[in-house]
Amino acid sequence: MDKKEYAELVKQTSPKTKEGRTILLAFVAGGLICVIGQAVSDALSALLPAFDKKDIGALTGVVMIFLGSLLTGLGVYDKIGYYAGAGSVIPITGFANSIVSPAIEYNKEGIVFGLMAKMFSIAGPVIVSGVSASALIGVVYFIIGLFK
Amino acid sequence: MDIFLTYLKVFAVGGLVCAIGQILINKTKMTSARVLVTFLLAGALLEAVGLFKYIEEFGKAGITIPITGFGKSLAAGAIDGAKDGLFKACTGGLAAVAAGLTAAITFGFVIALISKSKPKST
């Protein structure tokens with residue numbers, strides 16, 4: 001293999017391996033966060049036998065959101081995110097992080113227009129699209145129900 | 001052994017969802033807001049067409065802890081509400097995620113109030 005071939009090989013493989021690493025890290029981090037979520041859910045159903053499946057699901061979300069917010073406040077979550085990429089963004093803890101992180105950053109611009117307004121810079125689009133989609137789905141199901 | 005297998009499935013499905021997200025980020029340079037919106041809508045759509053419950057049966061928290069689970073709850077609430085008329089069809093989604101949203105907003109507000117802004121360490 002001469003120098004040219006080698007340079008070609010490096011060019012072909014190096015960005016891919018780096019990409020592969022980010023995907024693997026996202027897989028492991030995302031998987032681990034979901035395992036923690038499953039453990040929280042199992043613990044809650046053992047502790048609160050009176051709660052039904054839906055309530056346990058909602059409560060699990062609340063606990064995970066609390067953990068995500070707390071770790072962001074302590075400055076830990078963004079450090080995890082540096083390595084984990086999408087693995088820390090996509091779980092519900094990442095949604096909490098997307099609220100707390102800009103809220104802390106813009107706190108110095110005032111509580112109302114800094115903290116309270118900027119905390120929705122990422123969560124805002126998520127809530128708008130999610131709530132709109134749910135209303136649309138609800139209306140479609142309602143119309144389908146009329147013909148049943 | 002059973003519980004180990006359950007957790008292994010949770011890990012695999014959750015990891016796979018996040019790996020797909022990372023591939024999207026790598027290929028399209030999507031920002032995290034766009035990734036979150038995409039996966040939220042994917043979860044809502046999967047619930048609307050009735051496929052979500054099969055993935056949830058297999059992967060449990062692996063699909064409900066990612067933001068897809070938030071979208072699923074929104075859609076499921078709306079579908080449930082649609083049985084009680086048009087009004088509940090519109091409000092059911094937000095009602096179903098009231099706990100999560102309230103938690104995210106209040107925890108976010110309180111924790112941001114008491115945390116100091118740190119210089120980015122990257």
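Analyst: In this predicted model, a residue is called buried if 20 or more other C-beta atoms lie within 10 Å of its own, exposed if 12 or fewer do, and partly exposed in between. By that count, 51% of the 122 residues of chain B are buried. For chain A, which has 148 residues, the buried share is 43%.

User: How much confidence does the predictor place in chain B, and what scores does it give the complex?

Analyst: Chain B has a mean pLDDT of 93, and 95% of its residues reach 70 or more. For the complex, the predictor reports an ipTM of 0.92 and a pTM of 0.89. Where pLDDT is low, the predicted coordinates should not be read in detail.

User: Why is Lys60(B) called buried?

Analyst: Lys60(B) has 22 other C-beta atoms within 10 Å. The cut-off for a buried residue is 20 or more, so Lys60(B) qualifies. Lys60(B) sits in the loop between helix 3 (52-59) and helix 4 of chain B. Its phi is positive, at about 45°, although it is not a glycine.

User: What makes Lys29(B) exposed?

Analyst: Within 10 Å of Lys29(B) there are 8 other C-beta atoms. Exposed residues have 12 or fewer, and Lys29(B) therefore belongs to that class. Lys29(B) also lies in a loop, the one between helix 1 and helix 2 of chain B. Its phi is near 55°, again a positive value in a residue other than glycine.

User: Why does Thr6(B) count as partly exposed?

Analyst: Thr6(B) has 18 C-beta neighbours inside 10 Å. Thr6(B) belongs to helix 1 of chain B. Its C-alpha atom is separated by 28 Å from that of Val37(B), which is 31 residues away along the chain.

User: What makes helix 5 of chain B mostly covered, and what is the count for helix 5 of chain A?

Analyst: In helix 5 of chain B, 15 of the 16 residues are buried. In helix 5 of chain A, 13 of the 14 residues are buried, and that helix too is described as mostly covered.

User: How do you know whether chain A is spread out or compact?

Analyst: Chain A comes to 7 helices and 0 strands. Its radius of gyration is 21 Å, well over the 15 Å that the globule rule gives for 148 residues, so chain A is more spread out than a compact globule. Its C-alpha atoms fill a box of roughly 70 × 50 × 35 Å along the principal axes. Chain B also comes to 7 helices and 0 strands, and its C-alpha trace spans about 50 × 40 × 35 Å.

User: Which residues make the contact between the chains?

Analyst: The contact takes 62 residues from chain B and 63 residues from chain A. On the side of chain B, the elements that give two or more residues include helix 2 (32-48), helix 5 (67-82) and helix 7 (98-114). Helix 1 of chain B gives the most, with 15 residues. The residues on this side of chain B divide into 39 nonpolar, 20 polar and 3 charged.

User: What makes Leu40(B) stand out in the largest nonpolar core?

Analyst: A nonpolar core is a set of buried nonpolar residues joined through C-beta atoms within 7 Å. The largest one has 68 residues, of which Phe95(A), Leu36(B) and Leu40(B) touch the most other members. Leaving aside residues up to four places away in sequence, Leu40(B) touches Val126(A), Ser129(A) and Gly130(A) in chain A, and Ile67(B), Phe70(B) and Gly71(B) in chain B. In soluble globular proteins, nonpolar side chains tend to be buried together.

Notes:
Residues numbered from 1 in each chain as written. Chains lettered and ligands numbered in written order. Predicted model: local features only at pLDDT ≥ 70, side-chain atom pairs only at ≥ 80, totals over all residues. Helix = DSSP H or I, 4+ residues; strand = E, 2+ residues; numbered from the N terminus. Contact = placed C-beta atoms within 7 Å. Nonpolar A, V, L, I, M, F, W, Y, C, P; charged D, E, K, R; others polar. pLDDT = per-residue confidence, 0-100. Rg over C-alpha atoms; globule rule 2.2 N^0.38 Å.
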